[in-house]
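User: I would like to learn how to read strand pairing, cores and aromatic pairs in a model. Could you walk me through one, please?

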Amino acid sequence: MSASLPFLKGHGTENDFVIVPDPENALDLTPAAVAALCDRRAGIGGDGVLHVVRSAAHPEAKPMAAEAEWFMDYRNGDGSVAEMCGNGVRVFARYLQHAGHVGEGDLAIATRAGVKTVHIAKNGDVTVGMGRARLPEGDVTVSVDARSWPARNVNMGNPHAVAFVDDLAHAGNLYTAPPVSPANAYPDGVNVEFVVDRGPRHVALRVHERGSGETRSCGTGACAVAVAAARRDGADPAVTGTPATYTVDVPGGRLVITERPDGEIEMTGPAVIVAEGEIDAEWLENALR
């Protein structure tokens, strides 16, 4: 590398990301490089990397290029590839607006979980069409120390185990992934949400995101929690014909999740660009090795 690389830093309800614009997919972001970028002491720091690439330039996104110009090549903080990140999509959309690629209104963003519809509102909130939840069959149990809870298996394009608890402190420190059984329920790992009630259709969560540890927010996790809470409460929009909306408090803020009768889920919340700068060329070259 003979030149430094532009980057930005952004967050959605304090789920924070290093944003790397690379429209032509010219940069080989290795897992080690991603982990180095996300290192909060030796790197820039973040829960993950938003690699901004034109869909036509990325082999995984080319089939979606006709629907969505931009592809969110998302990586977890440990460098692993992820299917989807709800807060990341909102921040990705805010970056596209910040860079002048899009304006207020509707747009489409390609992800590994398919094309997501996004609306950028005048008040700054961003709404993402998160698709439909799948509810795989089978009992799942989540454990922390001597406690265990039944969990709801919810898939939002990535896997979640949602456990309702009496106190969010029961989740422990969440530095490491809470044990989930049976082990074969999630062969590629799982995001684990611990949830308490705050009021009618109002819940709060803590989450361990696979590959990142505890994060301040998880968009797909908030959607999974809203779906799990609605089913627990007997509010299945496909049955009632009425949308179900839940307020979901996360450590970093608040999200509003609506599941429509057709199964589509919408997530609304803030997205902020914090800073932009350049990654030192020598540091980056070493990180990419």
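Analyst: Happy to. In the hairpin of β6 and β7, which has 5 residues between the strands, Gly124 takes a positive phi near 100°. Keep in mind that this is a predicted model.

User: In which sense do strand β6 and β7 pair, and over how many bridges?

Analyst: Strand β6 (residues 114-120) pairs with β7 in the antiparallel sense, and 3 bridges hold the record of that pairing.

User: How many bridges join β7 to strand β17?

Analyst: There are 6 bridges between β7 and strand β17 (residues 264-269), and these strands run antiparallel. Here Val126 stands opposite Gly269 in β17.

User: Let's turn to the cores. Which residues have the most contacts inside the largest nonpolar core?

Analyst: Those are Ile109 and Ile257, in a core of 51 residues. Helix α3 (residues 219-232) gives the most to this core, contributing 9 residues. Apart from it lies another core, of 18 residues, which includes Val144, Ala163, Ala171 and Phe194.

User: What is Ile109 in contact with, leaving aside neighbours within four places in sequence?

Analyst: Among its contacts are Trp70, Met72, Val89, Phe92, Leu96, Val115 and Val118.

User: And how many aromatic pairs does the count come to?

Analyst: The count is 2. To classify a pair, look at the angle between the planes: over 60 degrees counts as edge-to-face. The rings of Phe17 and Tyr74 have centres 5.9 Å apart and planes at 75°, so this pair is edge-to-face. Phe17 lies in strand β2 (residues 15-21) and Tyr74 in strand β4 (residues 70-76), so the pair ties together parts 57 residues apart in sequence. Both Phe17 and Tyr74 are buried.

User: What geometry do Trp149 and Phe194 have?

Analyst: Trp149 and Phe194 are also edge-to-face, at 5.7 Å centre to centre with 80° between the planes. This pair links distant parts of the chain, 45 residues apart: Trp149 is in strand β9 (residues 147-155) and Phe194 in strand β12 (residues 191-199). Trp149 is buried at a relative accessible area of 10%, and Phe194 is buried at 0%.

User: Which residue lies over the face of Phe164?

Analyst: Arg232 does, at 4.4 Å from the ring centre.

Key:
Residues are numbered from 1 along each chain as its sequence is written. This is a predicted model: local features need pLDDT of at least 70, side-chain atom pairs count only at pLDDT 80 or more; totals for chains, interfaces and linings use all residues. Side-chain values use heavy atoms; hydrogens and water are left out. A nonpolar core is a set of buried Ala, Val, Leu, Ile, Met, Phe, Trp, Tyr and Cys residues joined through side-chain atoms within 4.5 Å. Buried means under 20% relative accessible area, exposed over 50%, partly exposed in between (1.4 Å probe, protein chains only). Helices (H or I, at least four residues) and strands (E, at least two) are DSSP runs, numbered from the N terminus. Contact means heavy atoms within 4.5 Å. Rings of Phe, Tyr and Trp (its six-membered ring) pair if their centres lie within 6.5 Å; planes under 30 degrees apart count as stacked, over 60 as edge-to-face and the rest as tilted. A charge sits over a ring if NZ of Lys or CZ of Arg is within 6 Å of the ring centre and within 35 degrees of the ring normal. Two strands pair if DSSP finds at least two bridges between them.
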